[in-house]
Every structure is written in structure tokens, then in C-alpha cells.
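Q: Hey, I've just opened this one and I'm new to it. Could you walk me through some details?

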Amino acid sequence: MNALVIGTLPPPVTERSRGLLAEVLRLREKGATLRVLSPTQNSVAHDYLELRGAASAVEVALAVRKADFVVVQLEPGFPLEENASRAGRAFGLASLAMALRNAPGEVVVRLHSLHDLPSGAGGRAAEALWSRSDRIEVGSGEVLEHLAASLSPSTAGKLTLALPPVEIGGGREARAAIAEVGAGAGLEAVTAIVRARAASDRASILADRAAGAGQVRARQRVFLWEWAPHPGAGVPAFADEVHHERSGQGSTLRRAARAALLAAEARPLTRPLARSARTARRLLAKI
Amino acid sequence: MAMGIIAAVAKLAFVTPRYGERVLGGSESMAREQARGLAARGHQVEVLTTTASDHHTWANDLPAGVEEDGAVTVRRFETVPRSDPVAWAGFERRIFAGDHLDDAEELAWINSRLRVPDLYFHIAGEGRDYDAIIFSPYLFWTTLYCIGLVPERSILIPCLHDEPYATLRSVSAALAGAAEVWFLSEPEHQLGHRLAPLPRHRLVGSAVHVPDTYDPEGFRERHGIERPFVLCAGRREEGKGWSQAVRGFGAAIVSHGLDLDLVSIGVGDTNIPPVLDRRIIDLGYLEDDEVSNAFAAAEAYLQPSPNESFSRTIMESWLASTPVIANMGSEVVAWHCERSGGGLVYGDEIEMGECLRMIAEAPKLATELAASGREYVLGNYTWPKILDGVERALERFS
């Protein structure tokens, strides 16, 4: 079975991304050949959506054609821009519903929380999306109850509760260890727990900031990390290696284009232009 | 089957971006030797790796799935090689220029080199079936993305170098977030302390196999080498000091009329200047036994790399009773040379030329250096000793 999962896995480590990971692991256990297509750059995925908002439906339509089983997670930024107008919302949902018509097999739509779908689950466009789905997975009993009350009986019959999110990091062990710490606990045991918790906090701060900073252009200072020392001496001339690695690849024209892009990427003023050019190239390659 | 020092059998996984007999690289070789050594002591050992063998392209040139390497089970997962080399190279330049990458850019740099989503899913789903998961080296998606999945069972053998990558925040997070960090040398351990608040950690070291015999004469005959030579082994890359070695060797020939050739073994383009093409001999990739013979046949081993966390090759050289000339830019190699008394270190190309001259003109000195080096390796860095330490470290996980 070729399964396509569209949604954000960790990082960032959130309940929603961990929930989708549980779905991925379930499909993997069933022996599915998996492809994950993520709307969030740098989350774990085989590929990323290049377009945002309603336009991403074009990429979805192309991707679902060969999948026997499709899981689509509705989440902030996909398929709707976070500040989508009412018309934008209708257009985004309708586009996604239309894109999913290309899927030859079963389609599961996931909605972790009601907040992930601005203006609620009702409306004609949303109804089109629900009717295209074979199953609607929701993140909690509360969401399930709410949707069951607001959707038509035939759509409500498709509602199921999603698998519990995958435990990532040392949460389970740390909780068990803390439960066993008593008055006579050794300093080493306590320190180990503090360190493990701090490490977990640190990793999630970093991952969340990284994933959330995708749209933020301003440079951020992370005070937690200020102790990280500056690189030492002995910097090798790495540019030579990049050159060596690239030499001989592609035509002269391609090499010139690459060099021009690299030069544009190096300058803040031309960087956005270089990035747009790269996005367009990747998109064209997909089509 | 050799018996280990602990009774309980541990189920272990090694996570490394490349794995295989023909994969060249210090950390990759160390991971393979350790995995095979622990499997030979009766532990259940799996290696979780990629289908790539080339660390430039990360192309999927090996089959995905399960295979056996002796008693070790190898699971290979397909890579998604970088789709946007321009962006990657841009980040790379900024890192080396000392520019601060924001968190998203840092993650983009890691993720755009290669990614292995199916490996992530394997560890997310089955990570807790292993008693311990050993990640190495520090600088790849396979470590930086996956080590946080099951941190209480994760051991990091970072193979740190003092280089700009090491100061990335995600590297600090990985170091701080593992259950244990194992270092290969004291300078690497000190570097670790400068980079992150370390969790439980220890100096485990690494090792090399001691060959039963050497065949230096046969090596010379097989490769048509008649003149005395210094050997340079490993990846021919800028970061491994290859260009500096070529420049220093060329200068030594001109300045001192040095009667030595330079023999290079390993992978990568040598880019030998035409003026030196009669004095530098490229033998390319050699099988392990022949590598040992090359070390034995050489007058000295030249280690120009400033980026070493252990340096197996200097150990192999000393074992073959060949003295070492090494770049003191690598704190680790300088530390080994000082502790062993088995090598000369240089600070620049001029000093390198003088070291080569010293070896050529003072054969007794060369013999003494080599003898000290061999004693040092046999006393500290053989696999039985190292695996004993590894097993003791694993006791708390099994």
C-alpha cells in the first residue's frame, strides 16, 4: 500500500505533530510504503509543500494521484493561511476538497483541535471536504463531541478518535524517576533528573523556535544559548570543497546559474530573490 | 565467541549515517568495529544506517532493507539527498564565516544536507526495544534529528572536532540531551565541556586491530614503489589537510632536496600539481590488509588533518613501527604524540618540511619514535581493552 501523509511531524514537538507521528507509525506497522509531505519546512518529511495556503492544493492534487491511502491533517497554515478571510477560507477548503478528488484510494482527514480550522467545522466548503473524506480523525473526545453535534449525521458517522500521540523525549522515564525520588534520594539521581528535564526543555525550545521562526525574518536571540562559545581558530577553506564537489556537474549554463544563485544567496538584499528562484525551480521539478 | 565482562546480553543499536567495509571515515570505522566487537561478545547488535556510501552526494547506492555483517544486523534506510544545494552551500559558507544562523536556518542547514525520515520512524516506533542506542558522529541528521526521540537510552559518541559546526546550538542540545556522552580522547572531552552542559560522560577511547604480520616488501613490489616514501592516508579533502600536505611536501622537496616520495591512499581527488606528479603517488582505496602493509613500508606517516577526534591512522602507523608527523592544529593528535613520544608535530608547512627532513636524516630517531608509539598503542588502544570499558559503560543500560 502506498500511503501519503500530508501534515507536520516533529519538530516542532507538539501534541498535534506527535499525534500525526502515531498515525505514521501505525501505517508503517501495517507495512505501508510511506511518503510524508509536510507544509512545515524542516519538520521530518520526505518532501515539503512549496506553496502556501490555498495554492498548496495544486501540489496536493499532484501528490495524491499515486497514493492508495491518504492522510491529510488540517493545521495552522494548511490549507488555510492563518489570517485567511472568509472567502479565502472557503476557497482554501474547496480547493483541498477538489485536490483530494484525485486520490484513487481511501482519504482520512485529521483535525487535532478545533483551533486548527478557523471559523469552525461548518460551511459549504468544509462540508465538501468532509464528504470527500472516508474517515475524519480528531484529536480528543471534546472535538469529537463538538463535531458530532455540528455536522450532518452522515458526516458525523465518519468521526473517529485519533491514536494517542507518540511519547517523544524522556517524559515517561523522567516521570517514573521523579515518582521514586524520596527524602533520601542521592544528589546524583536528582541531578540526573534535572539535567534530563533541562535537556528536554532545551531541545523543544530549539525545535519550536526553529519551526516557528520559518516566517520570521528578524534574527532572534536565544538567551539560553549565550554560553555557547564562538568558533575557535583553524577554519579550513571550505569553499574549495564545495567547489570541488560541484565541479564537473551539469552544463556550463547550469553551473553559471548555480554560481549566480549562490552569490545572490550570500547578500541580504538579493537573498529573497534567490530563495524565490529556488522555490520556483523545485516546484517546476515536481510538476 | 569471545566472552564479555558483563553477563547480561544487551540489545544495542548503532546509528551512523554510513556503514560498510568500504566506507572510509574514522567515526564510521570505529562504529563498525565496536558493533562487530560487541556482537562477538554475545550482545544483540543492530546498525541503523542509510543506503548511501558517498558523503558528498548521499545518493542511495546500496539496497534498503536488512542485511548481515557477521553477527551484526544492518538496517538500511533510504536517504532524501539534498534538494537545494545552493541554499545548503550558502548556510555552509555563513557557518564558516562565523555568521550567526538563526534557529530556522540552523535546522534548514541540517535538514538540507540529507534526511532519513524512515530511520526517524524506526527509532520513534521501536527505539524503546533497544537497551541503548549509540549515535555517532555528531554532525548529521541521523544524530541531530533522532537523538531526542529516546534520550534516556541514547549514547552519543560525538567524535567532536574544534570546528565551527561544533558550536551550533543543535549540537549543544544533542550533547546535553543524551543519556551519556562517550569521548575518544581527553582533548575532545575538554572541548565537550566548552560546548555544552554535559550529562553523564566518560572517556571510552577507540582502538585499532593489531595485524598478525606485515608485508612491506610485498607492498613495494605490488605497487612498483622503489624509493623511500612518507604515507598519507584517508580522505583527500580540504578539511582533512590534504592541500596543506601537498604544499608542505612540495616546499620540502624544493628547500631541502628531500629524498622521499609521498604515497597517498584513500578516496577523493588528489589534485596533484603537475610539477609534483612524479613525487606524489596516488594508490587510491586499498583493502585493510594492504593499508597495514603500506604503513609498515613507509618511512613515516604524515597526518595533516586538523580535524581529528581520535585518529585511527596514527595508531595504525605506530603499530606498524612507523613514526608519525602530525599537524598540531589537531589538539587530539598533538596530545597522542606528546603522551606517546611517538611523533613529531608541526605548526605550519615550514615546520612540516623540517619534520620530514628530520625523519630522512635521522633514522635512529625515527626508530625510537616508532617504538614508543607502538608501545603506547598496545598499552591503551586495543579492542579487547576498549570493549571492556564499553561493556562496563553499558551495564547501567542493560
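Predicted model: local features only at pLDDT ≥ 70, side-chain atom pairs only at ≥ 80, totals over all residues.

Q: OK, on to rings with rings. How many aromatic pairs are there over all chains?

A: Searching the whole structure gives 11 aromatic pairs over all chains. One of them is Phe219(B) with Phe229(B), a tilted pair at 6.2 Å centre to centre, with 35° between the planes.

Q: Where do those two sit in the chain?

A: Phe219(B) is in helix α8 (residues 216–223) of chain B and Phe229(B) is in strand β11 (residues 229–233) of chain B, 10 residues apart.

Q: Are Phe219(B) and Phe229(B) buried or exposed?

A: Phe219(B) is buried, and Phe229(B) is too. Another pair is Trp318(B) with Tyr376(B), which is edge-to-face: 5.9 Å between centres and 90° between planes.

Q: Which helices does that pair link?

A: Trp318(B) belongs to helix α11 and Tyr376(B) to helix α14 (residues 363–380), both of chain B, and the two residues are 58 apart. Both Trp318(B) and Tyr376(B) are buried.

Q: Which residues do ring pairs link into a cluster?

A: That cluster takes in Tyr120(B), Phe121(B), Trp141(B) and Tyr145(B).

Q: Let's switch to strands. Which way do the side chains of β15 in chain B point?

A: In β15 (residues 324–327), Val324(B) and Ala326(B) point one way, while Ile325(B) and Asn327(B) point the other, and all are buried.

Q: What does β15(B) pair with over 3 bridges?

A: Strand β14 (residues 300–303) of chain B, in the parallel sense. Gln303(B) stands opposite Ala326(B) there. Between β14(B) and β15(B) the chain crosses through helix α11 (residues 312–319), and that β-α-β crossover is right-handed.

Q: So α11 is the helix with Trp318(B) in it! What about β16 in chain B, how many bridges join β15(B) to that strand?

A: 4 bridges join β15(B) to β16(B) (residues 343–346), and the two run parallel. The bridge partner of Asn327(B) in β16(B) is Tyr346(B).

Q: And which helix goes with β15(B) and β16(B) in a β-α-β unit?

A: Helix α12 (residues 331–340) of chain B, and the unit is right-handed.

Note on methods. Residues numbered from 1 in each chain as written. Chains lettered and ligands numbered in written order. Heavy atoms only, no water. Buried < 20%, exposed > 50% of the residue type's maximum accessible area, 1.4 Å probe, protein only. Pairing = 2+ DSSP bridges. Right-handed = clockwise from strand over helix to strand, strands pointing away. Phe/Tyr/Trp six-rings, centres within 6.5 Å; stacked < 30°, edge-to-face > 60°.
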